[in-house]
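Subject: Structure handover

Hello,

Here is the structure for your set.

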Amino acid sequence: MQITKDTVVTFHYVLTELEGDQIEASYDVDPMAYLHGHQNIFPLLESALEGKVEGDKLSVTLTPADAYGERQEGNTQRVPIKHLLTKGRLKPGMTVKVNTEQGARDATVVKVGLKNVDLDTNHPLAGKHLQFDIEVMGVREATAEELDHGHAHGIGGHQH
């Protein structure tokens, strides 16, 4: 089955900084699952996967504009530590998740105080050219519930 709108796609990936180090890989966990055609992944990644089938492998390079955007210098904010979803000892340079009105967001610790933390609110991968090496593991028709919810369910997808 080909990847088309309203199919659920599972894939493994290796993410590297272009001409740099590996950032993460999914091969040691369940493959990622997404509902194709519903803007659940980067648009350029989704269009590169269009028409692919199980077993296909591809590499996709994303510019900062195609991924997490350019870094905005001076994008720091002081936040009460209680608003962090990341628990435990905090250190400068550490990536954390912070609870915002738009949901959980990634940020980088700049300075740790007694009750507050200064965060660089740029996404940790902002400003980076990224390469995704992808292996399509499966393609299936989406269920009515997945279409209604706008995302994939089950292993690698959204759990309810």
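Side chains alternate along strand S4 (residues 57-62). Leu-58, Val-60 and Leu-62 point to one face and are buried, where buried means under 20% relative accessible area, exposed over 50% and partly exposed in between (1.4 Å probe, protein chains only).

S4 runs antiparallel to strand S9 (residues 130-141), and six bridges join them. Ser-59 stands opposite Asp-133 in S9. Pairing here requires at least two bridges between two strands, as found by DSSP.

This is a predicted model: local features need pLDDT of at least 70, side-chain atom pairs count only at pLDDT 80 or more, and totals for chains, interfaces and linings use all residues. Residues are numbered from 1 along each chain as its sequence is written, and side-chain values use heavy atoms, with hydrogens and water left out.

Overall layout

The chain has two helices and nine strands. Both kinds of element are DSSP runs, numbered from the N terminus: helices are H or I with at least four residues, strands are E with at least two. The order along the sequence is β-β-β-α-β-β-β-β-β-β-α. The C-alpha atoms fill a box of roughly 55 × 40 × 25 Å along the principal axes.

Buried residues account for 35% of the 160 residues. Take the contacts (heavy atoms within 4.5 Å) between residues at least 6 apart in sequence: 60% of them join residues at least 24 apart. The accessible surface is about 9500 Å², with 48% of that belonging to carbon and sulfur atoms. Areas come from the Shrake-Rupley method with a 1.4 Å probe; for residues, only the protein chains shown count as cover.

The sheet

Which strands form the open sheet, and in what order? Four do, in the order S5-S8-S7-S6, with antiparallel pairing. Strand S5 (76-80) and strand S6 (95-100) are the edges, each pairing on one side only. From one strand to the next, the twist averages 55°. Axes for this are lines fitted to C-alpha atoms, for helices over the stretch in contact, and angles run from 0 to 180 degrees between N-to-C directions.

Strand S7 (residues 103-112) pairs with strand S8 (residues 116-120) over four bridges, again antiparallel. Lys-111 has Asp-118 in S8 as its bridge partner.

Strand S1 (residues 7-17) and strand S2 (residues 22-25) are antiparallel, with three bridges. Val-14 has Ala-25 in S2 as its bridge partner. Four residues lie between the strands of this hairpin, and Glu-19 takes a positive phi near 60° there.

Ala-33 sits in strand S3 (residues 32-35). Ala-33 counts as buried because its relative accessibility is 10%. Ala-33 and Thr-10 are 23 residues apart in sequence, yet 4.3 Å apart in space, C-alpha to C-alpha.

Backbone points to check

Most residues other than glycine have a negative phi, and most peptide bonds are trans. Asp-6 has a positive phi, near 70°. Asp-6 lies in the segment before S1 and counts as partly exposed, at 26% relative accessibility. Gln-39 is not a glycine either, and its phi is positive at about 55°. Gln-39 is in the loop between S3 and helix H1 (43-49). With a relative accessible area of 73%, Gln-39 is exposed.

Best regards
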